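Colleague: Could we go through this model together? I would like to discuss strand pairing and charged contacts.

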Amino acid sequence: MSDFAEFRAKGREALLSGRATHDSPMVEGGLRWGAAAVLRPEGEVMTRMTELAATLDAPGHWVHGGRTLHVTIRSLEPYREHIPVDDPLRRAYGAALAEAAEDLPPARAYFAGVSPHPGGVLVGVHPLDETMETLRKRFSGALDARGVRDLDHGRVRDLWYVSLLHFAAPLADPGRIVEWCDAHADADFGTAELPTAEIVQFVLTGTTVRVGSLEQVTLGTA
């Protein structure tokens, strides 16, 4: 995984030099916000991140909290508004995830550090065991075995994180976002166990993104 301090420095520079990007509302077939495999933090760690995100002064942008907070394992497909229970890809994702999670214990991770990046604000996730990386590798292999090519196209994510904010319009005052991130750069949210891996879809209502579970598997139950 990449160095979080280096990532933060690059994110600051990107915003301060006017290189912010922003999301648009989900559209059918769009390459952003399609179904994904995720882990979601629970308990005090989730609450602390939610409370901090609520202090972001970012009207018109997508501020996340509660069960919307997630760690992405793989992005799976372009956006689809409707993914029925009997959808062949949905079934393949669920079966691949169950196979990948077999005999794996719940993931443990330390959530700390706030960073800006061109598209928003995130919290660093620092794994305390091999579960997340093993799950990612196994899931990729299980998809390949089923002839399913995910949206990551073999790309290996070099940073684990949870997004607190996605920009949803041109950024009027990037300096203010950077200042907020600097003030919370060393935020310590604590350690959490992530016992459930899920296939989810994202739904936008106004400026709120909801994460709906399509398939799930509990780690450590084999």
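**Strands and salt bridges**

Modeller: At 24% relative accessibility, Glu215 counts as partly exposed, where buried means under 20% relative accessible area, exposed over 50%, and partly exposed in between (1.4 Å probe, protein chains only). This is a predicted model, in which local features need pLDDT of at least 70 and side-chain atom pairs count only at pLDDT 80 or more, while totals for chains, interfaces and linings use all residues. Residues are numbered from 1 along each chain as its sequence is written, and side-chain values use heavy atoms, with hydrogens and water left out.

Colleague: Which residue forms a salt bridge with Glu215?

Modeller: The partner is Arg90, with the closest N and O atoms 2.8 Å apart. A salt bridge here is a side-chain nitrogen of Lys or Arg within 4 Å of a carboxyl oxygen of Asp or Glu. The pair links distant parts of the chain, since Glu215 is in strand β9 (residues 208-218) and Arg90 in helix α3 (residues 88-101), 125 residues apart. Helices (H or I, at least four residues) and strands (E, at least two) are DSSP runs, numbered from the N terminus.

Colleague: And Arg90, buried or exposed?

Modeller: Arg90 counts as buried, at 10% relative accessibility. Elsewhere, salt bridges with shared partners join Arg40, Arg67 and Glu198 into one network.

Colleague: How many salt bridges does the count come to?

Modeller: The count comes to 15 salt bridges by this rule. Among them is the one between Asp150 and Arg74, whose closest N and O atoms are 3.0 Å apart. Asp150 lies in the loop between α4 (131-145) and β6 (161-166) and Arg74 in strand β3 (residues 71-75), so the pair ties together parts that are 76 residues apart in sequence.

Colleague: What is the relative accessibility of Asp150?

Modeller: Asp150 is at 6% and counts as buried; Arg74, at 1%, counts as buried too. Another pair is Asp87 with Arg80, at 2.8 Å between the closest N and O atoms, and both Asp87 and Arg80 are buried.

Colleague: Changing topic: why is β4 largely enclosed by the rest of the structure?

Modeller: Strand β4 (residues 107-117) is largely enclosed because nine of its eleven residues are buried.

Colleague: Which strands pair with β4?

Modeller: Strand β7 (residues 188-194) pairs with β4 in the antiparallel sense over six bridges, pairing being assigned if DSSP finds at least two bridges between two strands. In that pairing, Phe111 stands opposite Gly190. Strand β5 (residues 120-127) also runs antiparallel to β4, joined by seven bridges, with His117 opposite Gly120.
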